[in-house]
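Subject: A structure for you to explore

Hi there,

Here is the structure I promised to pass on to you. Please open it beside this email and look up each residue as you read.

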Amino acid sequence: SKAGGFNTNETAGNIENFSFEPEEATSVELGVKSTLLDGRARLNAAVFHTEFDDLQVGYFDPLEGFVVTNAAKAVSEGIELEGLYALTESLSLGATAAYLNAEYREFTASCPANTVQAAQLECYPNPNGPAGNQVQDLKGVRLDNAPEVTATMFADYTVPVANGLLFGSRLDASYK
């Protein structure tokens with residue numbers, strides 16, 4: 001969980017934007033870690049499911065600056081795989097892969113005050129807000145910074161050179 005707080009730069013007089021609620025998360029994870037081939041290989045896997053209540057979401061408002069609000073409900077679930085294999089004492093190869101479904105399940109957010117930006121969104125009048133206040137339903141929208149697929153591959157080479165010193169090099173590739 002995360003504690004709630006206050007948006008101290010709220011200057012528009014909207015009391016709903018002044019504070020935000022605590023965030024709570026409930027998670028379940030099931031995984032396996034294995035060592036294979038006399039310790040030369042490792043294979044790990046995990047599946048997970050996290051439900052958020054009042055997820056804290058930060059955004060930048062040109063008039064207010066950085067603002068935090070709450071998304072009523074969100075979910076993050078997926079699978080992760082990791083493998084490592086020592087080809088020699090000096091050379092190791094490894095890879096990871098993950099699939100992530102992370103989306104808002106219930107989130108009504110304010111629309112931008114900029115009418116051009118608001119016109120590009122599906123905004124509608126806020127039934128619980130002041131006249132002229134527009135909102136949008138973000139149910140099903142992917143969470144920020146939560147790519148659906150990620151993968152990495154690497155090669156690691158390390159050899160002793162002299163007096164306990166090691167020479168190491170590593171080549172990495174990643175995909176998001």
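A residue counts as exposed when its relative accessible area is over 50%, as buried when that value is under 20%, and as partly exposed in between. Keep in mind that this is a predicted model.

Is Y175 buried or exposed? Its relative accessible area is 52%, so Y175 is exposed. You will find Y175 in strand 11, which covers residues 165-175.

Now for the inside. In soluble globular proteins, nonpolar side chains tend to be buried together. Here the largest nonpolar core has 14 residues, and L55, V57, A71, A74, Y104, F107 and L143 are the ones with the most contacts inside it. At least two residues of this core come from each of strand 4 (41-61), strand 5 (65-86) and strand 6 (91-106). Strand 4 gives the most, with 4 residues.

Next, the charged side chains. Side chains of opposite charge can pair when their charged atoms come close. How many salt bridges does a search of the whole structure find? It finds 5.

- D53 and K73 meet at 2.8 Å, N to O. D53 lies in strand 4 and K73 in strand 5, so this pair ties together parts that are 20 residues apart in sequence. D53 is partly exposed at 33% relative accessible area, and K73 is partly exposed at 38%.
- R105 and E77 meet at 3.9 Å, N to O. With R105 in strand 6 and E77 in strand 5, the pair ties together parts that are 28 residues apart in sequence. R105 counts as partly exposed at 38% relative accessibility, and E77 is partly exposed at 23%.
- R170 and D156 meet at 3.7 Å, N to O. R170 sits in strand 11 and D156 in strand 10 (residues 149-162), so parts that are 14 residues apart in sequence are tied together. R170 counts as partly exposed at 46%, and D156 is partly exposed at 23%.

Finally, salt bridges that share partners join E77, E103 and R105 into one network.

Enjoy looking around!

Best wishes

How values were computed:
Residues are numbered from 1 along each chain as its sequence is written. This is a predicted model: local features need pLDDT of at least 70, side-chain atom pairs count only at pLDDT 80 or more; totals for chains, interfaces and linings use all residues. Side-chain values use heavy atoms; hydrogens and water are left out. A nonpolar core is a set of buried Ala, Val, Leu, Ile, Met, Phe, Trp, Tyr and Cys residues joined through side-chain atoms within 4.5 Å. Buried means under 20% relative accessible area, exposed over 50%, partly exposed in between (1.4 Å probe, protein chains only). A salt bridge is a side-chain nitrogen of Lys or Arg within 4 Å of a carboxyl oxygen of Asp or Glu.
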